[in-house]
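User: I would like to learn how to read a few features of a protein model. Please take them one by one, with the general idea and then the case at hand.

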Amino acid sequence: MPCYSIEGVIPVIDPSAYVHPTAVLIGDVIVGPDCYVGPCASLRGDFGRIVLHKGANVQDTCVVHGFPDQDTVVEENGHIGHGAVLHSCVVRRDALVGMNAVVMDKAEIGAFSIVAACAFVPAGMQVPEKSLAAGMPAKVKRTLTDAEVAWKLEGTLTYQDLTRRCLDTLKEVEPLQAVESDRPRVKFVDVKPLIETRRGG
């Protein structure tokens with residue numbers, strides 16, 4: 001994978017983590033146990049430190065960066081959706097930042113909270129624990145239900161399982177030229193969209 005030191009500071013990746021070969025890690029980046037970093041993610045620790053705690057995931061095309069001497073942290077079981085941007089912020093344990101959301105400098109996403117897709121969390125905003133934040137700029141809409149918190153954890157556990165699947169089986173191959181008659185499917189995972197929690201399953 002593209003992994004670079006700067007001024008002698010080298011990224012750290014726990015052996016139980018999976019970082020896709022197209023992700024880019026620069027400088028002061030620490031990827032903890034059981035983490036997943038997806039294709040084309042960019043984690044640039046060339047100013048401030050970036051830390052992913054145990055079981056966190058940073059998905060495809062995410063950008064993680066920060067100001068000098070400011071840490072950008074995703075705590076245990078943090079879940080960063082496709083295309084999100086984190087800058088000098090803290091995502092507390094078991095929180096989710098939705099697809100294409102932006103979390104700005106010195107903002108803090110409380111534990112077990114969800115930032116909706118495409119939300120813009122302005123600098124310094126404090127999202128309380130177990131809250132839903134949405135909008136541009138983001139506002140706290142309500143307290144999450146137990147079913148929504150459970151849904152988020154289920155999704156994160158699925159990414160932790162994906163980490164193990166990638167470590168065990170993912171490899172670069174040449175594509176086939178035709179579909180096989182008995183084409184297999186990838187491992188079936190029964191995770192439903194969040195909207196299903198409001199429909200009772």
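Analyst: Start with a charged pair: Glu 108 forms a salt bridge with Arg 92, and their closest N and O atoms are 3.1 Å apart. A salt bridge here is a side-chain nitrogen of Lys or Arg within 4 Å of a carboxyl oxygen of Asp or Glu. This is a predicted model, in which local features need pLDDT of at least 70, side-chain atom pairs count only at pLDDT 80 or more, and totals for chains, interfaces and linings use all residues. Residues are numbered from 1 along each chain as its sequence is written, and side-chain values use heavy atoms, with hydrogens and water left out.

User: Which parts does the pair of Glu 108 and Arg 92 tie together?

Analyst: Side chains of opposite charge can pair when their charged atoms come close. Glu 108 lies in strand β15 and Arg 92 in the loop between β12 and β13 (96–97), so the pair ties together parts that are 16 residues apart in sequence. Helices (H or I, at least four residues) and strands (E, at least two) are DSSP runs, numbered from the N terminus. Glu 108 is partly exposed, with a relative accessible area of 23%, and Arg 92 is partly exposed at 27%. Buried means under 20% relative accessible area, exposed over 50%, and partly exposed in between (1.4 Å probe, protein chains only).

User: How many salt bridges does this rule give?

Analyst: The count comes to 12 salt bridges. One of the pairs is Arg 164 with Asp 161, whose closest N and O atoms are 4.0 Å apart. Both lie in helix α1 (residues 146–169), three residues apart, about one turn of the helix. Arg 164 is partly exposed, with a relative accessible area of 44%, whereas Asp 161 is buried at 17%. A network of salt bridges links Glu 76, Arg 93, Asp 94 and Lys 152.

User: Which residues have the most contacts inside the largest nonpolar core?

Analyst: In soluble globular proteins, nonpolar side chains tend to be buried together. A nonpolar core is a set of buried Ala, Val, Leu, Ile, Met, Phe, Trp, Tyr and Cys residues joined through side-chain atoms within 4.5 Å. The largest one has 35 residues, and those with the most contacts inside it are Val 31, Leu 43, Leu 52, Ile 80, Leu 86 and Val 97. β4 (24–31) and β6 (42–52) each supply at least two residues of this core. Apart from it lies another core, of six residues, among them Leu 96, Ile 114, Leu 144 and Val 149.

User: How do β19 and β20 pair?

Analyst: Two strands pair if DSSP finds at least two bridges between them. Strand β19 (residues 131–134) and β20 pair in the antiparallel sense over four bridges. The bridge partner of Ser 131 in β20 is Thr 143. Strand β20 (residues 139–143) is hardly covered, as the count of buried residues among its five residues is zero.
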